Amino acid sequence: MPNKRIMRGWGWTCLLLSLPRASSWRSIVRQPTMSSLQHHVSTKFGNMYYRKLGNLASGDHALFIHGLGSDSSTCSPSQKLLDKMQWIIPDLVGHGMSCKPVELEAYTMQSQASFIHKIVSEQQVKDLFVIGHSLGGPVAIKLCEKINREEKNMSVRCLVYEEGNINEDDCFGSKKILDKGCPLVGPDCEPREATDFAM
């Protein structure tokens, strides 16, 4: 069972999951399988591809951002989740079917977040649930910061950051946040800005 801590800020909630062993996350994030990607956005480096699944009539959107060395096929939501909301699942630049440019600028967390921001903007997302696994977590945080700064008609309702946790030293992000006293969510909890947890 994962250890859970929750952080709130910018009007969204961040749930940090720390799993004890690498084998544990396999029950949450599935192993890669081949699937066709039907959509893409253009970037100055090439195309970022993404899958769009689920209840396309729903106004609720979930965004899953995969980790390093993975791709969009690692996320296979259950039928129950597919029935409830729309899912947007990109291949990060350098992964899956997305472009693999030689320019290092394309691989920064800010660049990846900007590319994904373009996807959710083009999809006219209003309310967004964000799930970031491993490398997808820092990208998700940059995306939430960008949405908070730049968007008036879009809000992040929840951010779930599940670190890779290959070993105990791999949880440096969650450890820093927890060491600073990350509050649990509840009616008496005060929102904290992400800068309160700066690493």
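Predicted model: local features only at pLDDT ≥ 70, side-chain atom pairs only at ≥ 80, totals over all residues.
Visitor: What length does helix H3 reach, and what would be expected at 1.5 Å a residue?

Guide: One compares the span from the first C-alpha to the last with the expected one. Helix H3, residues 109–122, has 14 residues and reaches 20 Å, close to the 20 Å expected, and after the helix comes Gln-124, whose phi is positive, near 55°.

Visitor: Which residues of H3 are buried, and what covers them?

Guide: Buried here means under 20% relative accessible area. In H3 the buried residues include Phe-115, Ile-116, Ile-119 and Val-120, and their cover includes strands E3, E4, E5, E6 and E7 together with helix H4. Leaving aside neighbours within four places in sequence, Ile-116 is in contact with Met-48, Leu-63, Ile-65, Pro-90, Leu-92, Val-139 and Leu-143.

Visitor: Where does the largest nonpolar core draw its residues from?

Guide: A core is read by its members and by the elements that supply them. Of its 29 residues, those touching the most other members include Ile-116, Met-48 and Leu-63; E4, E5, H3, E7, H4 and strand E8 each give two or more residues, and H4 gives the largest share, six.

Visitor: Is strand E6 covered on one face or on both?

Guide: For a strand, one looks at each side in turn. In E6, Gln-86, Ile-88 and Pro-90 on one side and Trp-87 and Ile-89 on the other are all buried.

Notes. Residues numbered from 1 in each chain as written. Heavy atoms only, no water. Helix = DSSP H or I, 4+ residues; strand = E, 2+ residues; numbered from the N terminus. Expected span 1.5 Å × (residues − 1). Buried < 20%, exposed > 50% of the residue type's maximum accessible area, 1.4 Å probe, protein only. Contact = heavy atoms within 4.5 Å. Core = buried A, V, L, I, M, F, W, Y, C linked by side-chain atoms within 4.5 Å.
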